[in-house]
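Visitor: I would like to go through this model and ask what stands behind each label.
Guide: Then let us look at it together.

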Amino acid sequence: MHIKKIPNVDAIRGGEKHSGELHLTEHHIIFVFPNVLPDGVPPPPNAPKTREVYIAYPIIGTCIFRPCPSVTGRPSAIRLRCRDFMFINFNFPDEIQAKDAFEYIRSRTCRLGSIEKLYAFSYQPLKMERPFNGWDLYDPRAEFRRQGISTKSVDRGWRISSINKDYTFSPTYPALLVVPSKISDNVLKYAGAYRSRQRIPVLTYLHSLNNCSITRSSQPMVGFRGNRSIQDEKLVSACFSASATVEFNGIDASVPDTAEPSPASSLADLRDSTDPESDTERLEDELIAGDDTNYDSKTGKRLVYGAQQSNLIVDARPTINAVVMQAMGKGSENMEYYKFAKKAYLNIENIHVMRESLNTVIEALKDGDISRLPPNRELLAKSGWLKHITGILDGSALIARQVGIRHSHVLIHCSDGWDRTSQLSALSQLMLDPYYRTIEGFIVLVEKDWLSFGHMFQQRSGLLNHEKWFIVEKDAMAGSAIQPGESDGRAGEAFENALASAKRFFNKNRSNDSNAESDGDGVSSPPDDPSQVKKPAVGTPEASEVTKPNEISPVFHQFLDATYQLLRQHPNRFEFNERFLRRLLYHLYAGQYGTFLWNSEKARKDAHASEKTRSVWDYFLSRKHEFINRDYDSTIDDRQSGRERLLFPKLSEVRWWYQLFGRTDAEMNEYLDLAAARDERLGNFAMGVTSSSMPGGFATPPRTSDTRSPRPTPSPQPPSLPFSKSVLTGVESAHEALTPEQRAAGAGSHPASLKHSASADTPGAFATNLAKLRDGVAGLDIGRGLFGGSSANDGGHGSNSTGGDTKKKEQELTDMSAAASSEKGSLEMT
């Protein structure tokens, strides 16, 4: 192996300077420097004389070269920002050597051309890894057999379908699909046409105690004309009615004679055994329940599994994003045709907002190589990163409560069903099932809900890097080129962002395929500037593998961050430790193993990944002792506090994952903890007056009795997380659209705490939404497009050549709007 060695290089990291030798290999940057011990510390036996820092080329997020002529006496520098949040600066005494090093790094990072040139295809496993084969660890049949579904077992309402065995039905879905027993493959074929990319509703989790399910899919193809599919409605209905009432996994799941359910699934017992449920969660549950009651009106007994359900379709997107997608021929379910369920809109932003949020965090940390100053707290708050993590946890907890406490079925989707859907599905299962909190179970969870269900790891990670990330700054004193995004993803800007995205979408000059693989709700960042590198020909393997900066997003990173929050808040409920999550994020970008190199199960099989590369799980299983949580307690006892089967996040205690960002807890979280401690010293004053001091807030009612030991008062909401801002923005049923304000007004006792939003497709709302969207776009320069009219450059007059088409399209929309307006009721968009 050829190694390019450059002596007399200074490395600055964390404000500390080390002198050593830089080694450039085919797949890594290696900095070798003397192992100098602090004064007075005796060297340990067999202590190495040198230390090494390894940097894998794909993990480089930004590389800035600052040449400086040697005659000036100032060194030339290469400054690296890595995607595992390592910040390091290399100073070279010779400008030529620095330039050669920069070109060498660039050629092996963003100019490879194919993922087959990554380290994973030449990596030879260490001796400790050879006995393991992580590719065989996940067996979908075995996992669903664990959940109680098997061709040899009693029918639990579900069956294993081979409709996608050759991936022709849905190329981005797994080969094995679990669907309701009473739905034939013929119905599935017809239903596939109604879901984006044929990602039909299929099972991902069946709860062992009550046989309630979590299914997942992509968005329906509703469109402007309000399309429907009888087969899709039949499929979703079957998913929501596949509850067995026979002995299930050794537990009698039939409705008992007693008035109280088992402690394992009792809402009352769960509230007693955990911290008090927040008012936000309480209002979410009441909003979803609507007029439902938890007690039989005649007998007064508590209704239990089988008698009280509130089946839910969860659309992870902000409501306005669903409206925009409807303008693109997609959208969200019309609940008139899904009367057996309700639909909840969450307010989880798309991939572009999340990417800009992380970029702002990076901006706050960017001087971590040359300085030990704390990060920019203003930028940390502006990033909204903790708000996004909190929203994802809130949405996942809502799903877990529906399944584990309300004994209901849930269908999850976003746009394409491989980003936010994977986050919500995996996290809710982590809260419901203790198995997924073991190392083996967590690996199965990632394999099932992320890898097999088609999260686009290659697209979202950008392992082949990009030319725009390699920057030459002629002025040695120039500042960093990494800039924070202009939008921090605030919910209040949702409509303005949607209008801006509509302008980009309908602009005739925009590339037709610029958003072909996006789960961005039709919202796309501005196109990249043309680079100096020749783009690969369309249709070639290289074209499908090329990094698209606008498609990169920290979706899996957010899942790991949310898992860290659960681990931090429940330190004895997970078999793995924090370092396990941190190393998993490193290997997401390092390109050493083949697990995260492709976009789907089909792509991995077509590339013969298991034959040409090693699985990342070999690394973790061969070093399992390094990732064991020493505080782990595997005991499950629903009658004992702290050992319950179900686990929920404490949304007010979300904090920065400081270990990941290479900082101390004090540097990242001290200002949040100080704010919490100050409010606590004031006698929880902030908790008591939130309803008047913050929009949409309300106080937590005191608990009058508690037989258990006293618990510490929950920490107040961090300053960057507005208190009681729920991720839930609205609930729809077949005959009504409930928003928090409407629900609160009807009850007369609950203040409005959740953001009001219009439904995308409730009766009469389509016409209103269309009119609002049309009015908002009327003044934009989108030419004589879908909404008719003329651009500003036409002076208000359409050209003769296009006037006929414009009038035709405008008349068509007018007819559609009039037809939609004839439906019952309407909901004004605010």
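Guide: A salt bridge here is a side-chain nitrogen of Lys or Arg within 4 Å of a carboxyl oxygen of Asp or Glu. This is a predicted model, where local features need pLDDT of at least 70, side-chain atom pairs count only at pLDDT 80 or more, and totals for chains, interfaces and linings use all residues. Residues are numbered from 1 along each chain as its sequence is written, and side-chain values use heavy atoms, with hydrogens and water left out.

Visitor: What makes Glu 626 and Arg 579 a salt bridge?
Guide: Their side chains meet at 3.0 Å, N to O, and the limit is 4 Å, so the pair qualifies. Glu 626 lies in the loop between helix 20 and helix 21, and Arg 579 in helix 17, 47 residues apart. Helices (H or I, at least four residues) and strands (E, at least two) are DSSP runs, numbered from the N terminus.

Visitor: Why is Glu 626 called partly exposed?
Guide: Buried means under 20% relative accessible area, exposed over 50%, and partly exposed in between (1.4 Å probe, protein chains only). Glu 626 has 33%, so the middle class applies. Arg 579, at 30%, is also partly exposed.

Visitor: Which class holds Glu 644 and Arg 573?
Guide: Both are buried. They too form a salt bridge, with the closest N and O atoms 3.8 Å apart. The two residues sit in distant parts of the chain, 71 residues apart.

Visitor: How many salt bridges does this rule give?
Guide: The count comes to 34. One of the linked groups is a network of Glu 103, Arg 106, Arg 111 and Glu 467.

Visitor: What makes a set of residues a nonpolar core?
Guide: The members are buried Ala, Val, Leu, Ile, Met, Phe, Trp, Tyr and Cys residues, joined through side-chain atoms within 4.5 Å. The largest such core has 126 residues, and those with the most contacts inside it include Phe 442 and Trp 656. Helix 10 (385-404) gives the most to this core, with 10 residues. Another core, of 33 residues, lies apart from it and has Ile 200 and Met 335 among its members.
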